[in-house]
Amino acid sequence: ERIAFKQAQRIRGFYLHLLMYLVINAGCIAINLLVTPGIIWFIGTLLFWGLGLCVHSLTVFVFDKYFNGEWELAQVEKRLGRSL
């Protein structure tokens with residue numbers, strides 16, 4: 001139960017991060033196009049923050065599947081010669 005709650009918190013954190021990425025970058029695009037339309041600078045924020053968002057998604061949805069508390073518990077039980 002504790003592991004599932006922690007995983008749900010991590011997923012919620014990712015979705016909040018995604019929401020912030022979308023809202024703030026939409027604002028950056030609007031500001032860029034309204035204030036300095038001749039200089040496109042918002043691409044940098046999209047790319048670098050997008051890279052961070054990709055890493056965050058990997059840690060939540062890919063790596064967490066293999067390196068969470070259940071995996072550790074299974075490894076301990078395996079080494080002790082017990083099955084779950």
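A residue is called buried when its relative accessible area is under 20%, exposed when that area is over 50%, and partly exposed in between. The structure shown is a predicted model.

**Exercise 1. Classify glutamate 77 and arginine 82 as buried, partly exposed or exposed, and state what links them**.

Solution. Step 1: glutamate 77 has a relative accessible area of 13%, so this residue is buried. Step 2: arginine 82 has a relative accessible area of 48% and is therefore partly exposed. Step 3: in general, side chains of opposite charge can pair when their charged atoms come close. Step 4: a salt bridge requires a side-chain nitrogen of Lys or Arg within 4 Å of a carboxyl oxygen of Asp or Glu. Between arginine 82 and glutamate 77 the closest N and O atoms are 2.9 Å apart, and the two residues form a salt bridge. Step 5: the count of salt bridges comes to one.

**Exercise 2. Describe the elements of the protein and its overall extent**.

Solution. Step 1: the protein has three helices and zero strands. Step 2: read from the N terminus on, the order of elements is α-α-α. Step 3: the radius of gyration is 20 Å, whereas the globule rule gives 12 Å for 84 residues; the protein is therefore more spread out than a compact globule. Step 4: along the principal axes, the C-alpha atoms fill a box of roughly 65 × 20 × 10 Å. Step 5: of the 84 residues, 17% are buried. Step 6: the protein exposes about 6,600 Å², of which carbon and sulfur atoms supply 71%.

**Exercise 3. Determine how tyrosine 21 and tryptophan 49 are arranged and which helices they connect**.

Solution. Step 1: a pair of aromatic rings is described by the distance of the centres and the angle of the planes. Step 4: tyrosine 21 belongs to helix H1 (residues 2-35) and tryptophan 49 to helix H2, so the pair ties together parts that are 28 residues apart in sequence. Step 5: tyrosine 21, at 15% relative accessibility, is buried, whereas tryptophan 49, at 25%, is partly exposed.

**Exercise 4. Identify the residues of the nonpolar surface patch and examine phenylalanine 61 and phenylalanine 67**.

Solution. Step 1: the patch covers about 810 Å² and is made by Tyr15, Leu58, Phe61, Val62, Phe63, Tyr66, Phe67 and Trp71. Step 2: helix H2 (residues 42-66) contributes the largest share, five residues. Step 3: phenylalanine 61 is found in helix H2 and, at 35% relative accessibility, counts as partly exposed. Step 4: apart from neighbours within four places in sequence, phenylalanine 61 is in contact with Ile11, Phe14 and Tyr15. Step 5: Phe14, Tyr15 and Phe61 form one aromatic cluster. Step 6: phenylalanine 67 lies in the loop between H2 and helix H3 (69-80) and, at 53% relative accessibility, counts as exposed.

**Exercise 5. State where glycine 81 lies and how far its C-alpha atom is from that of threonine 59**.

Solution. Step 1: glycine 81 is in the segment after H3. Step 2: with a relative accessible area of 68%, glycine 81 is exposed. Step 3: glycine 81 and threonine 59 are 22 residues apart in sequence, and their C-alpha atoms are 30 Å apart in space.

Terms used:
Residues are numbered from 1 along each chain as its sequence is written. This is a predicted model: local features need pLDDT of at least 70, side-chain atom pairs count only at pLDDT 80 or more; totals for chains, interfaces and linings use all residues. Side-chain values use heavy atoms; hydrogens and water are left out. Patches are made of residues with over 30% relative accessible area and no salt bridge: like charges are joined within 9 Å, nonpolar side chains (Val, Leu, Ile, Met, Phe, Trp, Tyr) within 5 Å. Accessible areas come from the Shrake-Rupley method with a 1.4 Å probe; for residues, only the protein chains shown count as cover. Helices (H or I, at least four residues) and strands (E, at least two) are DSSP runs, numbered from the N terminus. Buried means under 20% relative accessible area, exposed over 50%, partly exposed in between (1.4 Å probe, protein chains only). Rings of Phe, Tyr and Trp (its six-membered ring) pair if their centres lie within 6.5 Å; planes under 30 degrees apart count as stacked, over 60 as edge-to-face and the rest as tilted. The radius of gyration is taken over C-alpha atoms; the globule rule is 2.2 Å times the number of residues to the power 0.38. Contact means heavy atoms within 4.5 Å.
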